[in-house]
Amino acid sequence: MSKSLPQRADVVIVGGGIVGASIAYHLTKEGITNTVLLERKQLTSGTTWHAAGLVGQLRASRNLTELAKYTPGLFEGLEKETGQATGFKQNGSISIALSEGRFEELKRGASMARNFGLAVEVITAAEIEARVPHYNMENVVGGVFLPKDGQVNPIDVTQALATGARSRGAKVFENTKVTRIIVDKGAAVGVETTDGTIMCDKVVIAAGMWSRELGRSIGVNIPLHACEHFYIVSEPIAELPRNMPVVRVPDECTYYKEDAGKLMVGAFEPRAKPWGGGGIDEEHAFVTLPEDMDHFEPILAAAINRVPLLETAGIQLFFNGPESFTPDVRYYLGEAPEVKNCYVATGFNSIGIQSSGGAGLVLASWIKNGHPPMDVTAMDIRRIHPFQSVREYVHDRVSESLGLLYAMHWPYRQAETARGVRRSPIHQYTKDLGAVFGEVNGWERPNWYARDGVNPEYEYSYGRQNWFPCAEYEAKRLMSDCAFFDQASFAKFSVEGRDACAVLNRVSANNVDVEPGRIVYTQWLNQRGGIEADLTVTRLSEDRFMVVTGAVPQVRDMAWLKRHTPEDGHCVATDITSGTPMIAVMGPKSRALLEKLSGADLSNAAFPFGTSKEIEIGYARVMASRITYVGELGWELYIPAEFAAHVFERLWAAGQDFSLTPAGMHTMNNCRMEKAYRHWGHDISDEETPVEAGLGFAIAWDKKGGFIGKEALEKQRTRKVQPKRLVCLALADTSDKAPMIYHEEPIYRDGMIVGSTTSGAWGHRVNLSLGLGYVKDEAGVTREWIEAGTWEVELAWKRYPAKVQLQSFYDPKGERIKA
């Protein structure tokens, strides 16, 4: 390869692993042929070279599965296209369950796979034994077989991708270290290397373990950390079938792959060993880490018991190598919020091989068109918070991340490491009241309050978990009396300036040019009409607004607002989350309680729904906003942080006369399901429009100046009926044995799959297992079409009768809210 670097490129990719090569390959497919790939040592020398090469297809969502399905097809055609062998074999995979809980997890995954059009079979222990007779069937309950899964040689695939990219004009340079990304006026414009400078339009960080430090050098947060990953390879075993499927036994943390007559046994153990936190050696390439048999021995003992052939087979290789992991075990894709034209594709959590094709496809399209070709919210780099790239935090969290690949994926499962990072000013008060905390973006949030002798720790299952009666109590008290919610974690932005109204009104689908003191519920849309954000905007004065959104999209929503503020606009957005905690007081007695506390008139005439005013509580001034996410009369109280404890003390003392009870985030979620309030990231995303999501009431079609995405929505609006709509579901079974809906379960109408769920929960106020989901019919999803069908939802490979309707199952007219 020539070392004569070009002076300029359209795109420079930093990192020559399989993902970097895939991005180069797909960029040239998109016609962006002036692409340069730079690798500090040799292609694959970081992590790719020692990857196991497993190619699975079932992921946690439809779009991720679609991308995973794309990858085997890509691998299959690469050899023909480039002449470079890839070692791709499609022998399928078997996942084995050793407990009923695991079997339910696998069956729920199988239902999801069927929903995505993926070939899948739920199989018995006897059927597993027939496929892999050399395995010990001890404690095997059942399993799942995916016939299209396979395996590949990672080095060969990377070389094939690089060959394909070069054949269309891309340039690949090895032994060329990027020493600096050049940033000018907030945008990446080039790179400096050990061999010269290349100016470019866009830079992609695909540098694996080195990504965190490279990103940090320009202010881009990429939280990841390497962990030691172990596997062994046996001596050749004559009795080992050459067509053996990949086998996963997650209850024993192991996977098995046949490779040239030898058996590879790898592990994702519950507590991993972080590596490289003190820095990675300058000469690191094709590095093997020291053996640690004490750490691996429990895994190996279980493997010998599971596959008795290993007992007499020698170990040809004991391997230990570093792989990068992220705090939430999801990789990073997309444009960094801190620096324009700097894209990220890294942190692949040991699934880089099977993710490489789809990741390259998505990022190439994103770079070319300015937006991803599908909803990839779960991987979007904008989901993370800056604190997560702190060295100690990410070190501690990834020790858990590696094991989560094969841990039970229980509903509501909470992280166990790196906790207590961000706390509300009333954290200790809620803890003293029995709060059991969950963690979101570092925030410790009361998820439920233990009472009546319930163990104040999660006891996980796919059915009713131990906190179920506690949440029921909270919901019933909320319905009859009043409850408070600690919502300090909700993100708040102050938006000010003489152009603040114009900027927000252009970004918002609804009209925010309202009288001061009004609250506007709105979506922020992209040019395609998809929902980028779901939030409220409160006008505080002529040139001052407050935006309130969820905890998870805090960074994303701020980045969206700033990217859509004109450079010459007199509009400044400031994140005020840390200084403005919020306590919500909800329920039919909330008015009387707050009137007693404040002395203010909170009647409908004086304080109607959708308005915000300053009131006094104790010695503090508080902004009270009459709005709700639980479907009851109530107010959100926005409090300067230093006054929050004082306000809470006054609230709790006065609340005893009104049966005030603490309530957690699980109750909030259950209640919003009863009201069919949409949740961004589950029920709505950048792929769904307000028209499809039933949010047309929040669109100001005729406001002066229009809004981003209006043209796309106008085209959709012209249709008399919509082919895709969000619906409310409730299982017909109301007994204690009724199963729970969670997400991505198939929805059947008259025996045919017509959609899938997006979220679900138990509604304690209506005593129903509830869900939301999208259904499709080209002739139009109408009330009549819905009522004419027989409906079912598939949960864990079994169908359950369901009622489907467009309106919510609790107070559909909103009478309680406006009481």
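Below are legends for a handful of close-ups of this predicted model.

The model is predicted, so local features need pLDDT of at least 70 and side-chain atom pairs count only at pLDDT 80 or more, while totals for chains, interfaces and linings use all residues. Residues are numbered from 1 along each chain as its sequence is written, and side-chain values use heavy atoms, with hydrogens and water left out.

**View 1. The largest nonpolar core takes in 46 residues.** A nonpolar core here is a set of buried Ala, Val, Leu, Ile, Met, Phe, Trp, Tyr and Cys residues joined through side-chain atoms within 4.5 Å; buried means under 20% relative accessible area, exposed over 50%, and partly exposed in between (1.4 Å probe, protein chains only). The residues with the most contacts inside this core are Ile13, Ile23, Phe75, Val204, Leu333 and Leu363. Two or more residues each come from β1 (8–14), α1 (18–29), α2 (62–82), α5 (154–167), β19 (342–346) and α8 (352–369). Helices (H or I, at least four residues) and strands (E, at least two) are DSSP runs, numbered from the N terminus. Another core lies apart from this one, with 39 residues, including Val436, Phe468, Ala509 and Ile684.

**View 2. Here's Leu333 and its contacts.** Contact means heavy atoms within 4.5 Å. Skipping neighbours within four places in sequence, Leu333 touches Val344, Ala345, Ala359, Val362, Leu363, Trp366, Met379, Asp380 and Ile381.

**View 3. Helix α11 (residues 468–480) crosses helix α16 (residues 665–675) at roughly 60 degrees.** Their axes come within 9 Å; axes are lines fitted to C-alpha atoms, for helices over the stretch in contact, and angles run from 0 to 180 degrees between N-to-C directions. On the α11 side, Ala471, Glu474, Ala475 and Leu478 meet Thr667, Asn670 and Cys671 of α16.

**View 4. Thr86 sits in the loop between α2 and β4 (93–97).** Thr86 is buried, at a relative accessible area of 2%. Beyond its neighbours within four places in sequence, Thr86 is in contact with Phe75, Leu78, Glu79, Val152, Asn153, Asp156, Val157 and Ala160.

**View 5. Thr377 belongs to the loop between α8 and α9 (391–404).** Thr377 also counts as buried, with a relative accessible area of 17%. Leaving out neighbours within four places in sequence, Thr377 is in contact with Arg383, Arg556 and Trp680. Thr377 and Asp686 are 309 residues apart in sequence, yet 8.2 Å apart in space, C-alpha to C-alpha.
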